[in-house]
Amino acid sequence: MGETDGLEKHVVSTMTTTLDQAITDHLDRLCKPPGSLGDLESLARALCLTQQTLMPVTSPRRTVIFAADHGVTCEGVSAWSSEVTALVVEVMQKRRTASGVFAIQLQCEYEVVDIGLRRNVEPANEATCLLQEARRFGTDNLRIGAAMSESDFDHAWGVGQTRANAAVEVGCRLVIGGEMGIGNTTSASCLVSWLSGVTVEEAVGHGAGLDDAGLARKRTVVRDAIERVKCLGDVSAKQVGYELGGLEIVALAGFYARAAELRLTIVLDGFIATAAALLANAICPDTSRQMIAGHRSTEPGHMAALSSLGLAPVLNLNFRLGEATGALAALPLIDLAAAMMNGMATLSELAPE
């Protein structure tokens with residue numbers, strides 16, 4: 001790290017410390033007993049810190065879903081076949097899946113990006129929110145070889161960055177990233193185990209309905225993939241990404257990294273999104289400073305992954321869907337935190353004139 005980098009980090013740290021005290025002072029001056037709004041006050045603090053202001057905003061906001069297929073599904077690691085990915089995307093582009101319905105209700109812009117589906121999905125109509133950015137169609141089997149090439153990684157990462165830029169161009173201050181890809185909990189488990197240091201047993205869960213026999217098979221696949229990469233010697237975080245990642249996970253990581261660079265508030269979704277966040281933070285340190293964890297997934301490795309990022313979830317609703325649903329579910333509370341900071345009277349205003 002050069003002297004300039006060190007100075008910038010010192011300035012940012014000093015500003016954050018000063019703002020943190022200012023947030024405390026403001027919260028304590030509001031028309032309520034200090035600390036009486038509990039965790040909502042902690043959420044308000046996190047929101048203010050991501051935007052470096054005492055008056056945060058949560059609109060306009062946008063959810064971006066990245067979709068791709070996974071070659072590792074040939075190993076029987078999912079209860080669903082790869083064909084389901086495209087079928088879900090067909091419905092998703094009409095905003096009829098859970099995340100689309102949630103986004104409409106919460107007045108959140110919504111788009112779906114095909115970054116690597118095996119089957120082309122035709123736009124449903126002129127109102128579709130589907131963007132087609134795929135250069136390759138699914139990954140290879142990560143158990144026996146690299147999931148993608150370095151060039152494929154760069155393309156997916158770049159698409160994610162472009163979507164973050166697009167959100168800023170229309171004035172968004174808060175973004176949510178989501179994913180869709182049958183088999184992607186296997187890739188995410190590999191990344192979480194590697195990047196957060198948890199064991200395979202801690203990282204691998206049942207995913208979307210896998211039975212116990214399938215779980216054992218999935219753990220074997222993840223273990224084999226990790227051992228394969230270990231045999232490559234000293235590998236960078238980027239190489240871990242293209243050896244073990246999915247195209248949608250890499251695009252999501254690029255989205256997070258660029259959104260953080262642009263000082264957007266990032267609301268993090270579940271296990272797979274958190275794997276992408278770990279990857280983004282490993283490649284671009286301090287990306288996690290811009291993040292708020294929307295919820296806790298039922299996947300066993302999720303809390304360890306969040307802990308590695310220094311994040312605590314807003315909600316625990318026993319979600320295991322992904323697709324940005326948990327992050328969207330947290331939005332109403334984030335809106336309330338912003339409203340509290342911007343609109344509540346202070347105790348000084350109670351004094352008679």
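Guide: The side chains of E150 and K238 form a salt bridge, with N and O 3.0 Å apart (a salt bridge is a side-chain nitrogen of Lys or Arg within 4 Å of a carboxyl oxygen of Asp or Glu). E150 belongs to helix α5 (residues 150–169) and K238 to helix α9 (residues 237–244), so the pair ties together parts 88 residues apart in sequence. Helices here are DSSP runs of H or I, at least four residues, numbered from the N terminus. The model is predicted: local features need pLDDT of at least 70 and side-chain atom pairs pLDDT 80 or more, while totals for chains, interfaces and linings use all residues. Residues are numbered from 1 along each chain as its sequence is written, and side-chain values use heavy atoms, leaving out hydrogens and water.

E150 is partly exposed, at a relative accessible area of 39%, and K238 is partly exposed at 25%. Buried means under 20% relative accessible area, exposed over 50%, and partly exposed in between, with a 1.4 Å probe and protein chains only.

Helix α9 also holds E243, which pairs with R228 of helix α8 (residues 212–230), so parts 15 residues apart in sequence are tied together. The E243–R228 contact is a salt bridge of 2.6 Å, N to O. E243 counts as buried at 8% relative accessibility, and R228 counts as buried at 17%.

The structure holds 19 salt bridges. Among the residues involved, R62, E109, E111 and R163 are linked in a network.

Conventions:
Helix = DSSP H or I, 4+ residues; strand = E, 2+ residues; numbered from the N terminus.
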